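This report describes a single protein chain and one ligand. Please look at the sequence and the structure below before reading on.

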Amino acid sequence: MLELKNITFNVREETDKEIIQDISLTIPEEKLIVITGPNGGGKSTLARLMMGIEKPSSGQILLDGEDITELSITERAKRGIGFAFQQPVRFKGIQVLDLIRLAAGKQLSMGEACDYLSAVGLCARDYIDREVNSSLSGGELKRIEIATVLARGTRLSVFDEPEAGIDLWSFQNLIEVFQNMRRGIKGGSILIISHQERILSIADEIVVLKEGRICDQGDRDEILPKLMGTAEAALECRKSGVAHETAMNNSLEEAQKC
Ligand SMILES: Nc1ncnc2c1ncn2[C@@H]1O[C@H](COP(=O)(O)OP(=O)(O)OP(=O)(O)O)[C@@H](O)[C@H]1O
Ligand SMILES: [Mg+2]
(Lines give C-alpha, C1' and ligand atoms only; values in the text may rest on other atoms or scores of the structure.)
(Ligands and ions follow the chains in the order given, each with its own letter.)
Protein backbone atom coordinates (compact mmCIF):
# COMPACT_ATOMS: atom_id res chain seq x y z
CA MET A 1 0.00 0.00 0.00
CA LEU A 2 2.45 2.69 1.18
CA GLU A 3 6.02 2.27 0.12
CA LEU A 4 9.02 4.30 1.25
CA LYS A 5 12.00 3.94 -1.06
CA ASN A 6 15.45 5.01 0.17
CA ILE A 7 14.09 7.94 2.15
CA THR A 8 16.66 10.34 3.56
CA PHE A 9 15.86 13.52 5.47
CA ASN A 10 18.31 16.28 6.49
CA VAL A 11 17.12 19.30 8.39
CA ARG A 12 19.48 21.68 6.62
CA GLU A 13 21.41 20.86 3.53
CA GLU A 14 24.62 22.36 4.92
CA THR A 15 24.65 20.12 8.03
CA ASP A 16 25.36 16.48 7.53
CA LYS A 17 22.97 15.33 10.26
CA GLU A 18 20.58 12.93 8.62
CA ILE A 19 17.51 12.47 10.78
CA ILE A 20 16.28 9.74 8.46
CA GLN A 21 18.94 7.69 6.73
CA ASP A 22 18.08 5.69 3.64
CA ILE A 23 14.91 4.05 4.95
CA SER A 24 13.00 1.63 2.75
CA LEU A 25 9.78 0.33 4.25
CA THR A 26 6.52 -1.11 2.99
CA ILE A 27 3.29 -0.71 4.92
CA PRO A 28 1.22 -3.61 3.59
CA GLU A 29 -2.56 -3.65 3.31
CA GLU A 30 -4.73 -4.94 6.13
CA LYS A 31 -1.98 -4.89 8.73
CA LEU A 32 -1.36 -3.08 11.97
CA ILE A 33 2.26 -1.95 12.02
CA VAL A 34 3.90 -0.53 15.13
CA ILE A 35 7.05 1.56 14.90
CA THR A 36 9.04 1.75 18.10
CA GLY A 37 12.52 2.75 19.21
CA PRO A 38 14.38 5.19 21.44
CA ASN A 39 13.56 8.89 21.78
CA GLY A 40 14.94 10.95 18.94
CA GLY A 41 15.20 7.91 16.66
CA GLY A 42 13.20 9.57 13.88
CA LYS A 43 9.75 8.00 14.33
CA SER A 44 7.71 11.23 14.30
CA THR A 45 9.82 12.59 11.47
CA LEU A 46 9.10 9.48 9.42
CA ALA A 47 5.36 9.91 10.10
CA ARG A 48 5.57 13.58 9.06
CA LEU A 49 7.29 12.53 5.83
CA MET A 50 4.47 10.08 5.12
CA MET A 51 1.89 12.81 5.72
CA GLY A 52 3.69 15.36 3.54
CA ILE A 53 4.36 17.76 6.44
CA GLU A 54 8.05 17.34 5.59
CA LYS A 55 9.52 16.50 2.19
CA PRO A 56 12.37 13.99 1.99
CA SER A 57 15.83 15.16 0.92
CA SER A 58 15.95 12.11 -1.32
CA GLY A 59 13.93 9.01 -2.02
CA GLN A 60 10.38 8.29 -3.07
CA ILE A 61 7.03 7.69 -1.38
CA LEU A 62 4.51 5.59 -3.27
CA LEU A 63 0.86 5.04 -2.42
CA ASP A 64 -0.64 2.11 -4.31
CA GLY A 65 2.17 2.51 -6.85
CA GLU A 66 1.56 6.25 -7.38
CA ASP A 67 4.47 8.56 -6.59
CA ILE A 68 3.15 10.96 -3.93
CA THR A 69 6.55 12.35 -2.86
CA GLU A 70 5.77 15.85 -4.11
CA LEU A 71 2.11 15.91 -3.11
CA SER A 72 0.85 18.28 -0.40
CA ILE A 73 -0.70 17.23 2.91
CA THR A 74 -4.15 17.97 1.48
CA GLU A 75 -3.57 15.87 -1.63
CA ARG A 76 -2.33 12.99 0.49
CA ALA A 77 -5.28 13.35 2.87
CA LYS A 78 -7.61 13.15 -0.15
CA ARG A 79 -5.90 9.91 -1.14
CA GLY A 80 -6.61 8.50 2.30
CA ILE A 81 -3.71 9.18 4.64
CA GLY A 82 -4.82 10.34 8.10
CA PHE A 83 -2.66 11.36 11.02
CA ALA A 84 -2.99 11.85 14.79
CA PHE A 85 -0.12 13.95 16.14
CA GLN A 86 2.07 13.17 19.13
CA GLN A 87 1.02 16.60 20.41
CA PRO A 88 -2.44 17.37 19.10
CA VAL A 89 -3.33 20.78 17.74
CA ARG A 90 -5.99 22.91 19.45
CA PHE A 91 -8.57 24.70 17.31
CA LYS A 92 -9.88 27.76 19.12
CA GLY A 93 -13.47 28.60 18.24
CA ILE A 94 -14.29 25.15 16.89
CA GLN A 95 -16.54 22.77 18.80
CA VAL A 96 -15.78 19.08 19.14
CA LEU A 97 -18.89 18.25 17.09
CA ASP A 98 -17.71 20.48 14.21
CA LEU A 99 -14.25 18.95 14.31
CA ILE A 100 -15.62 15.41 14.06
CA ARG A 101 -17.98 16.44 11.23
CA LEU A 102 -15.13 18.17 9.40
CA ALA A 103 -13.00 15.05 9.75
CA ALA A 104 -15.80 12.81 8.48
CA GLY A 105 -16.33 15.18 5.55
CA LYS A 106 -20.11 14.90 5.91
CA GLN A 107 -22.93 16.12 8.13
CA LEU A 108 -22.87 13.35 10.69
CA SER A 109 -25.86 13.14 13.01
CA MET A 110 -25.23 14.03 16.64
CA GLY A 111 -25.58 10.32 17.50
CA GLU A 112 -22.98 9.27 14.92
CA ALA A 113 -20.52 11.90 16.13
CA CYS A 114 -21.12 10.85 19.74
CA ASP A 115 -20.34 7.23 18.83
CA TYR A 116 -16.81 8.27 17.83
CA LEU A 117 -16.29 10.01 21.18
CA SER A 118 -17.67 7.01 23.08
CA ALA A 119 -15.27 4.77 21.15
CA VAL A 120 -12.33 6.67 22.66
CA GLY A 121 -13.81 6.52 26.15
CA LEU A 122 -15.22 10.02 26.42
CA CYS A 123 -18.74 10.61 27.67
CA ALA A 124 -20.01 12.19 24.46
CA ARG A 125 -22.68 14.31 26.20
CA ASP A 126 -20.00 16.14 28.20
CA TYR A 127 -17.70 16.89 25.28
CA ILE A 128 -19.66 17.27 22.06
CA ASP A 129 -20.29 21.03 22.63
CA ARG A 130 -16.90 21.83 24.12
CA GLU A 131 -14.54 24.12 22.25
CA VAL A 132 -11.28 22.50 21.14
CA ASN A 133 -9.19 25.00 23.09
CA SER A 134 -6.81 25.02 26.04
CA SER A 135 -9.61 24.16 28.48
CA LEU A 136 -9.34 20.52 27.36
CA SER A 137 -6.80 18.42 29.21
CA GLY A 138 -3.95 16.82 27.26
CA GLY A 139 -5.52 13.35 27.50
CA GLU A 140 -8.96 14.62 26.46
CA LEU A 141 -7.49 16.41 23.46
CA LYS A 142 -5.55 13.32 22.48
CA ARG A 143 -8.68 11.18 22.59
CA ILE A 144 -10.69 13.73 20.60
CA GLU A 145 -7.98 13.69 17.96
CA ILE A 146 -8.08 9.89 17.79
CA ALA A 147 -11.88 10.16 17.40
CA THR A 148 -11.37 12.46 14.40
CA VAL A 149 -9.06 9.91 12.76
CA LEU A 150 -11.71 7.23 13.29
CA ALA A 151 -14.35 9.56 11.80
CA ARG A 152 -12.13 10.31 8.81
CA GLY A 153 -12.08 6.59 8.02
CA THR A 154 -8.81 6.91 6.17
CA ARG A 155 -7.12 4.03 4.37
CA LEU A 156 -3.83 4.60 6.14
CA SER A 157 -4.28 5.87 9.69
CA VAL A 158 -1.10 6.99 11.42
CA PHE A 159 -1.11 7.49 15.20
CA ASP A 160 1.95 9.04 16.84
CA GLU A 161 2.18 7.85 20.47
CA PRO A 162 -1.59 7.65 20.98
CA GLU A 163 -1.01 6.53 24.57
CA ALA A 164 0.77 9.75 25.56
CA GLY A 165 -1.14 11.45 28.36
CA ILE A 166 -3.85 8.79 28.46
CA ASP A 167 -4.57 7.33 31.90
CA LEU A 168 -4.26 3.63 32.61
CA TRP A 169 -8.00 2.97 32.67
CA SER A 170 -8.59 4.67 29.32
CA PHE A 171 -5.51 2.99 27.92
CA GLN A 172 -7.27 -0.39 27.98
CA ASN A 173 -10.14 1.26 26.14
CA LEU A 174 -7.70 2.63 23.58
CA ILE A 175 -6.27 -0.83 22.95
CA GLU A 176 -9.81 -2.02 22.22
CA VAL A 177 -10.31 0.89 19.80
CA PHE A 178 -7.25 -0.24 17.85
CA GLN A 179 -8.27 -3.89 17.98
CA ASN A 180 -11.70 -2.96 16.58
CA MET A 181 -10.06 -0.85 13.87
CA ARG A 182 -7.82 -3.81 13.05
CA ARG A 183 -10.82 -6.15 12.75
CA GLY A 184 -12.64 -3.80 10.37
CA ILE A 185 -9.54 -2.86 8.43
CA LYS A 186 -10.74 -3.91 4.91
CA GLY A 187 -8.21 -2.62 2.41
CA GLY A 188 -6.63 -0.15 4.83
CA SER A 189 -3.67 -0.15 7.19
CA ILE A 190 -2.93 1.19 10.63
CA LEU A 191 0.45 2.55 11.65
CA ILE A 192 1.05 3.28 15.32
CA ILE A 193 4.17 4.81 16.79
CA SER A 194 4.46 3.61 20.36
CA HIS A 195 6.72 2.66 23.26
CA GLN A 196 4.03 0.61 24.99
CA GLU A 197 4.27 -3.15 25.30
CA ARG A 198 0.46 -3.50 25.17
CA ILE A 199 0.35 -1.72 21.82
CA LEU A 200 3.33 -3.69 20.51
CA SER A 201 1.49 -6.86 21.51
CA ILE A 202 -1.43 -6.15 19.14
CA ALA A 203 0.82 -5.41 16.14
CA ASP A 204 1.03 -7.66 13.10
CA GLU A 205 4.51 -6.34 12.43
CA ILE A 206 7.00 -4.30 14.45
CA VAL A 207 9.63 -1.92 13.08
CA VAL A 208 12.42 -0.71 15.39
CA LEU A 209 13.86 2.66 14.43
CA LYS A 210 17.10 3.93 15.90
CA GLU A 211 19.24 6.90 14.89
CA GLY A 212 17.26 7.33 11.71
CA ARG A 213 17.67 3.75 10.54
CA ILE A 214 15.59 0.59 10.77
CA CYS A 215 17.53 -1.62 13.16
CA ASP A 216 15.03 -4.48 13.35
CA GLN A 217 11.80 -5.42 11.60
CA GLY A 218 9.50 -8.41 11.37
CA ASP A 219 6.42 -10.20 12.68
CA ARG A 220 5.40 -9.37 16.22
CA ASP A 221 6.12 -12.91 17.39
CA GLU A 222 9.68 -12.57 16.18
CA ILE A 223 10.47 -9.02 17.35
CA LEU A 224 8.52 -8.65 20.61
CA PRO A 225 10.26 -11.51 22.48
CA LYS A 226 13.59 -9.94 21.50
CA LEU A 227 12.51 -6.57 22.90
CA MET A 228 10.93 -8.12 25.98
CA GLY A 229 13.82 -10.50 26.54
CA THR A 230 16.13 -7.56 26.95
CA ALA A 231 13.50 -5.75 28.99
CA GLU A 232 13.14 -8.65 31.42
CA ALA A 233 16.89 -8.99 31.76
CA ALA A 234 17.09 -5.30 32.57
CA LEU A 235 14.28 -5.73 35.08
CA GLU A 236 16.10 -8.51 36.88
CA CYS A 237 18.99 -6.15 37.47
CA ARG A 238 16.84 -3.50 39.09
CA LYS A 239 15.51 -4.53 42.41
CA SER A 240 13.85 -1.21 42.96
CA GLY A 241 10.36 -0.68 44.30
CA VAL A 242 9.06 0.69 41.00
CA ALA A 243 5.67 -0.70 39.98
CA HIS A 244 5.97 -3.65 37.62
CA GLU A 245 4.21 -1.99 34.70
CA THR A 246 6.36 1.15 34.89
CA ALA A 247 9.50 -0.88 35.26
CA MET A 248 8.60 -3.03 32.26
CA ASN A 249 7.88 0.03 30.16
CA ASN A 250 11.13 1.71 31.17
CA SER A 251 13.03 -1.48 30.52
CA LEU A 252 11.29 -1.86 27.19
CA GLU A 253 12.50 1.58 26.19
CA GLU A 254 16.01 0.50 27.11
CA ALA A 255 15.55 -2.69 25.15
CA GLN A 256 14.39 -0.70 22.16
CA LYS A 257 17.78 0.96 22.13
CA CYS A 258 18.80 -2.33 20.48
N1 LIG B 1 13.16 20.50 12.23
C2 LIG B 1 14.12 19.94 12.95
N3 LIG B 1 15.28 20.63 13.22
C4 LIG B 1 16.27 20.06 13.94
N5 LIG B 1 16.24 18.80 14.42
C6 LIG B 1 15.12 18.10 14.21
C7 LIG B 1 14.01 18.61 13.45
N8 LIG B 1 13.04 17.66 13.40
C9 LIG B 1 13.53 16.61 14.09
N10 LIG B 1 14.77 16.88 14.56
C11 LIG B 1 15.62 15.94 15.33
O12 LIG B 1 15.54 14.68 14.72
C13 LIG B 1 15.58 13.64 15.66
C14 LIG B 1 14.38 12.73 15.50
O15 LIG B 1 13.22 13.39 15.98
P16 LIG B 1 11.81 12.67 16.05
O17 LIG B 1 10.85 13.65 16.63
O18 LIG B 1 11.49 12.10 14.73
O19 LIG B 1 12.12 11.49 17.09
P20 LIG B 1 11.14 10.39 17.69
O21 LIG B 1 11.70 9.05 17.33
O22 LIG B 1 9.74 10.67 17.31
O23 LIG B 1 11.36 10.61 19.25
P24 LIG B 1 10.32 10.48 20.48
O25 LIG B 1 10.28 9.02 20.85
O26 LIG B 1 10.99 11.29 21.54
O27 LIG B 1 9.01 11.05 20.08
C28 LIG B 1 15.69 14.32 17.03
O29 LIG B 1 17.03 14.35 17.40
C30 LIG B 1 15.16 15.72 16.75
O31 LIG B 1 15.70 16.65 17.64
MG1 LIG C 1 8.05 11.25 18.35
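## Overview of the chain

Among contacts in the chain between residues at least 6 apart in sequence, 66% join residues at least 24 apart; two residues are in contact if their C-beta atoms, placed from the backbone, lie within 7 Å. This is a predicted model, in which local features need pLDDT of at least 70, side-chain atom pairs count only at pLDDT 80 or more, and totals for chains, interfaces and linings use all residues. Residues are numbered from 1 along each chain as its sequence is written, while chains are lettered from A and ligands numbered from 1 in the order in which they are written.

The chain contains 10 helices and 12 strands. Helices (H or I, at least four residues) and strands (E, at least two) are DSSP runs, numbered from the N terminus. Of the 258 residues, 40% count as buried. A residue is buried if 20 or more other C-beta atoms lie within 10 Å of its own, exposed if 12 or fewer, and partly exposed in between, with C-beta atoms placed from the backbone.

## The two sheets

Two strands pair if DSSP finds at least two bridges between them. One open sheet has four strands in the order β2-β1-β4-β5, and its pairing is antiparallel. Strands β2 (18-27) and β5 (66-67) stand at the edges with a single partner strand each, so one side of each is left without a neighbour in the sheet. Strand β1 (residues 2-10) is joined to β2 by six bridges, and the two run antiparallel. Within this pair, E3 stands opposite T26 in β2. Helix α1 packs on the sheet, where it touches β1, β2 and β4 (58-63), and its direction makes about 60 degrees with that of β2. Such angles run from 0 to 180 degrees between N-to-C directions, and the axes are lines fitted to C-alpha atoms, for helices over the stretch in contact.

Another open sheet has six strands in the order β6-β9-β10-β3-β11-β12, with mixed pairing. Here β6 and β12 (213-219) are the edge strands, each with a single partner strand, so one side of each is left without a neighbour in the sheet. On average, neighbouring strands of this sheet are turned by 15 degrees against each other, direction ignored. Helix α1 packs on this sheet too, touching β3 (32-36), β6, β9, β10 (189-193) and β11, and its direction makes about 150 degrees with that of β9.

| Strands | Bridges | Direction | Residues |
|---|---|---|---|
| β1 and β2 | six | antiparallel | E3 opposite T26 |
| β11 and β12 | six | antiparallel | L209 and I214 |

## Strand β6 and helix α6

In strand β6 (residues 81-84), I81 and F83 point one way and G82 and A84 the other way, and all are buried. Helix α6 (residues 138-152) lies across β6 and β9, running at about 170 degrees to β6. Of the 15 residues of α6, 13 are buried, so the helix is largely enclosed by the rest of the structure. After α6 comes G153, whose phi is positive, near 60 degrees.

## Residues with positive phi

Most residues other than glycine have a negative phi. N6, although not a glycine, has a positive phi of about 45 degrees. N6 is placed in strand β1 and is exposed, with 12 other C-beta atoms within 10 Å. E30, also not a glycine, has a positive phi of about 60 degrees. E30 lies in the loop between β2 and β3 and is partly exposed, with 13 other C-beta atoms within 10 Å.

## The ligand

Which residues surround ligand 1? They are V11, I19, N39, G40, G41, G42, K43, S44, T45 and Q86, where a residue is near a molecule if its C-beta atom, placed from the backbone, lies within 6 Å of it. Helix α1 (residues 43-51) gives the largest share of this shell, three residues. By class, the shell has two nonpolar, seven polar and one charged residues. Ala, Val, Leu, Ile, Met, Phe, Trp, Tyr, Cys and Pro count as nonpolar, Asp, Glu, Lys and Arg as charged, and the others, Gly among them, as polar.
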